[in-house]
2 protein chains.
Amino acid sequence: MSDLLRDRALELDAADGLGKHREKFALDAATVYLDGNSLGALPAHVPARMADVITREWGELRIRSWDESGWWTAPERIGDRIAPIVGAAPGQIVVGDSTSVNVFKAVVAAARLNGDDRGEILVDATTFPTDGYIARSAARMTGHEIVACDPADMPAAVSGRTAAALVNHVDYRTGRLHDLPGITAALHAAGALAVWDLCHSAGALPVGLDAHRVDLAVGCTYKYLNGGPGSPAYLYVAERHQAAFDSPLPGWNSHADPFGMTPGYAAAEGAAKGRVGTPDILSMLALEASLDVWDGVDVEDVRAKSLALTDFFLECVRAYVPAGRVRSVTPEAHAERGSQAALSCENAPAVMAELIKRGVVGDLRRPDVLRFGFTPLYVGFADAERAARVLADVLAELPA
Amino acid sequence: MSDLLRDRALELDAADGLGKHREKFALDAATVYLDGNSLGALPAHVPARMADVITREWGELRIRSWDESGWWTAPERIGDRIAPIVGAAPGQIVVGDSTSVNVFKAVVAAARLNGDDRGEILVDATTFPTDGYIARSAARMTGHEIVACDPADMPAAVSGRTAAALVNHVDYRTGRLHDLPGITAALHAAGALAVWDLCHSAGALPVGLDAHRVDLAVGCTYKYLNGGPGSPAYLYVAERHQAAFDSPLPGWNSHADPFGMTPGYAAAEGAAKGRVGTPDILSMLALEASLDVWDGVDVEDVRAKSLALTDFFLECVRAYVPAGRVRSVTPEAHAERGSQAALSCENAPAVMAELIKRGVVGDLRRPDVLRFGFTPLYVGFADAERAARVLADVLAELPA
């Protein structure tokens with residue numbers, strides 16, 4: 001059984017059109033890295049680029065780099081690099097701040113865009129916690145009420161009282177993919193705006209922001225986009241909302257004439273309205289360099305491989321792991337699955353610690369979820385087979 | 001005249017106890033860098049440190065670095081490195097986000113700390129613009145009214161209606177140093193809270209946050225602290241306010257148990273309450289490394305040299321530049337001067353462009369201010385003399 005699956009893994013890797021991208025990343029043969037949904041691996045060309053940014057752009061050009069090295073325009077320029085990955089036309093995404101700060105901008109702006117007579121904001125009840133915390137703060141400050149709701153129930157819960165809904169495209173814990181087109185359409189049918197959090201989908205599957213008429217979106221860049229630890233997040237404001245977009249954080253970088261330094265605020269046009277303060281250039285330019293790995297990559301191909309990888313991993317788990325020791329909490333149906341496999345397991349903390357010791361790096365979501373993220377640009381089928389095999393070994397040695 | 005001042009510059013440099021720190025920075029003899037009040041120079045050891053952060057901590061340890069490389073605790077750890085430079089005991093400063101975002105946290109928190117019966121927030125009328133823009137947004141969201149006021153007039157303007165005042169310690173344009181102890185005491189006497197912006201003072205002169213019982217403060221780290229382009233800002237919340245500090249941006253990084261990932265928010269204790277989302281580790285660790293240049297440096301010595309430098313520069317300007325061509329808008333009195341000299345000048349944009357061509361790098365604040373920042377750790381008296389001499393040359397060649 002083991003030999004059959006190993007052979008099949010080798011065949012699948014040999015036939016994998018994306019396999020050639022693996023060499024773009026700093027990876028070691030001793031490790032199966034299945035935590036790219038938490039921190040993406042280092043693209044191999046980034047250290048040389050950052051040495052140049054630090055030594056020449058900062059060290060030699062210093063202040064001149066704001067113009068001459070394109071620092072000032074980086075937030076919009078990098079936004080336009082992310083745009084095709086999430087299905088957005090240029091001019092609608094700006095990079096900067098953390099995901100949490102962008103959730104605040106997006107939720108407050110959505111509440112303001114949708115008038116004063118809608119007092120409710122729906123929030124994904126299984127959301128990554130920061131979205132819920134920040135949405136509550138935004139609602140408190142705009143006089144709205146938060147209604148927590150499973151994303152699947154939002155089409156039934158939305159009403160004429162709903163200003164907007166904040167939804168995660170892929171659930172961080174279970175890996176469940178929510179129905180972005182359907183939920184967005186249902187929200188719109190009731191006159192509500194759709195704010196999507198793309199942290200666990202951007203770079204792993206097609207998003208189609210423009211095609212599905214999403215209103216606002218946020219996402220991080222350090223997972224499937226490999227931007228580096230804490231690389232800046234992004235904010236998407238659909239072009240049709242930009243004129244009325246009213247930021248709660250109108251810092252000088254979003255001013256129409258930032259170096260006019262006038263006491264009165266006048267917002268810039270376009271995506272730059274989402275900027276706040278001085279951008280964190282080192283983190284930002286590492287992200288920009290990292291995005292080079294997407295040149296020539298079609299997100300549809302990434303999605304096909306992602307599903308094949310998680311299918312194959314779950315098949316290997318079923319084959320190797322004794323029945324009853326783990327239970328997948330990731331949906332079987334492709335239409336409901338992101339790019340990770342989450343396994344509920346007794347003794348999960350000890351199991352994950354041992355997996356990591358043996359070179360299979362996933363992560364734990366308390367209390368009982370083993371999370372394995374599959375980044376199609378650098379994870380292969382042999383990795384998936386090895387991860388399942390080592391998991392079976394670990395479980396065989398640990399008490400049930 | 002010129003020879004006398006040149007000789008004196010050499011004597012002053014020879015006697016300068018801080019002169020030895022210059023070699024810690026990447027500087028070139030062709031340039032007099034007087035824009036460290038906009039972007040501090042690169043500390044020479046930072047490139048090697050960042051190569052290790054990127055290649056080993058991110059590239060090899062990957063996700064493990066959040067624990068093993070101390071990434072997770074960096075915001076508080078680096079805050080404690082900044083603390084002695086601004087006169088704060090440990091545990092009150094956290095690093096992260098931009099100055100603008102921290103102004104938002106500080107102003108909203110100050111308004112909430114000071115009850116509901118005080119409807120006004122005073123804002124420095126000559127403030128760096130972002131503080132005013134953000135304070136207006138904060139006031140709009142908390143139901144307060146902004147009253148713009150010269151800092152010197154605040155002791156007269158503060159009243160029982162004032163919840164808080166937001167004041168710049170040093171004016172970014174003129175270099176005027178405001179009376180932090182006196183204004184803070186006057187605000188307190190009326191029951192108002194004092195929120196100080198230290199962007200143009202931290203690292204250039206003693207601040208004494210604890211000694212003067214400042215309530216909240218913010219500052220950037222890329223000027224006199226040399227943290228790199230857009231390095232993260234910081235937030236100071238005096239220990240006595242931490243329990244009641246109520247952040248408008250309660251992201252998961254400020255949760256008491258962030259990896260519990262519970263739907264309900266429960267704030268951490270201490271400075272961590274000011275955190276929001278995932279910290280921008282590359283920018284943050286460049287800052288941390290940069291702070292090494294402060295080892296063994298006494299801010300009182302920095303202040304003494306800063307005043308001597310700006311005195312000497314202004315003396316050289318008076319000696320070299322024909323009368324009437326420039327006018328200092330920086331106060332003569334030491335008690336009212338930060339660490340820059342700002343000269344009002346006809347044709348200022350053309351003059352600054354030519355200065356930069358000739359290796360004297362200051363900057364322009366529209367419409368007519370030439371700004372020269374003096375960073376005592378790497379600027380010497382010969383630099384000051386040369387800057388004044390080149391300025392005189394440029395003015396002699398340009399029409400009055």
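Trainee: How many residues does the contact take from chain B and from chain A?

Mentor: Good place to start, and keep in mind that this is a predicted model. Contact here means heavy atoms within 4.5 Å. On that basis the contact takes 75 residues from chain B, and from chain A it takes 75 residues.

Trainee: What area is buried between chain B and chain A?

Mentor: The size of an interface is often given as the accessible area lost when the parts come together. Here carbon and sulfur atoms give 65% of that area. On the side of chain B, Trp58(B), Arg62(B) and Tyr133(B) supply 15% of what chain B buries against chain A, more than any other three residues. The area buried between the two chains is about 5,900 Å².

Trainee: Which residue of chain A meets Arg62(B) in a salt bridge?

Mentor: The rule finds six salt bridges across the interface of chain B and chain A. A salt bridge needs a side-chain nitrogen of Lys or Arg within 4 Å of a carboxyl oxygen of Asp or Glu. The side chain of Arg62(B) takes part in one at 3.1 Å, N to O, and its partner is Asp28(A).

Trainee: Which helix of chain B gives the most to the side that touches chain A?

Mentor: Helix 2 (46-61), helix 5 (99-113), helix 6 (129-142) and helix 10 (281-290) of chain B each supply at least two residues of that side. The residues of this side of chain B divide into 40 nonpolar, 24 polar and 11 charged. With eight residues, the top contributor is helix 6 of chain B.

Trainee: Now to the sheet in chain A. Why is one side of strand 9 and of strand 12 left without a neighbour?

Mentor: The open sheet has four strands in the order 9-10-13-12 (chain A), with antiparallel pairing. Strand 9 (326-328) and strand 12 (363-365) of chain A are at the edges, so one side of each is left without a neighbour in the sheet: each has a single partner strand.

Trainee: Which residue stands opposite Ala342(A)?

Mentor: Strand 10 (residues 340-345) and strand 13 (residues 369-373) of chain A pair in the antiparallel sense over five bridges. In strand 13 of chain A, the residue opposite Ala342(A) is Arg371(A).

Trainee: At about what angle does helix 11 of chain A run to strand 10 of chain A?

Mentor: Two helices are worth looking at here. Helix 12 (residues 348-357) of chain A lies across strand 10, strand 12 and strand 13 of chain A, at about 35° to strand 13. Helix 11 (residues 299-320) of chain A lies across strand 9, strand 10 and strand 13 of chain A, and its angle to strand 10 is about 25°.

Technical notes: Residues numbered from 1 in each chain as written. Chains lettered and ligands numbered in written order. Predicted model: local features only at pLDDT ≥ 70, side-chain atom pairs only at ≥ 80, totals over all residues. Heavy atoms only, no water. Buried area = accessible area lost by both parts, 1.4 Å probe. Nonpolar A, V, L, I, M, F, W, Y, C, P; charged D, E, K, R; others polar. Pairing = 2+ DSSP bridges. Axes fitted to C-alpha atoms, helices over the stretch in contact; angles between N-to-C directions.
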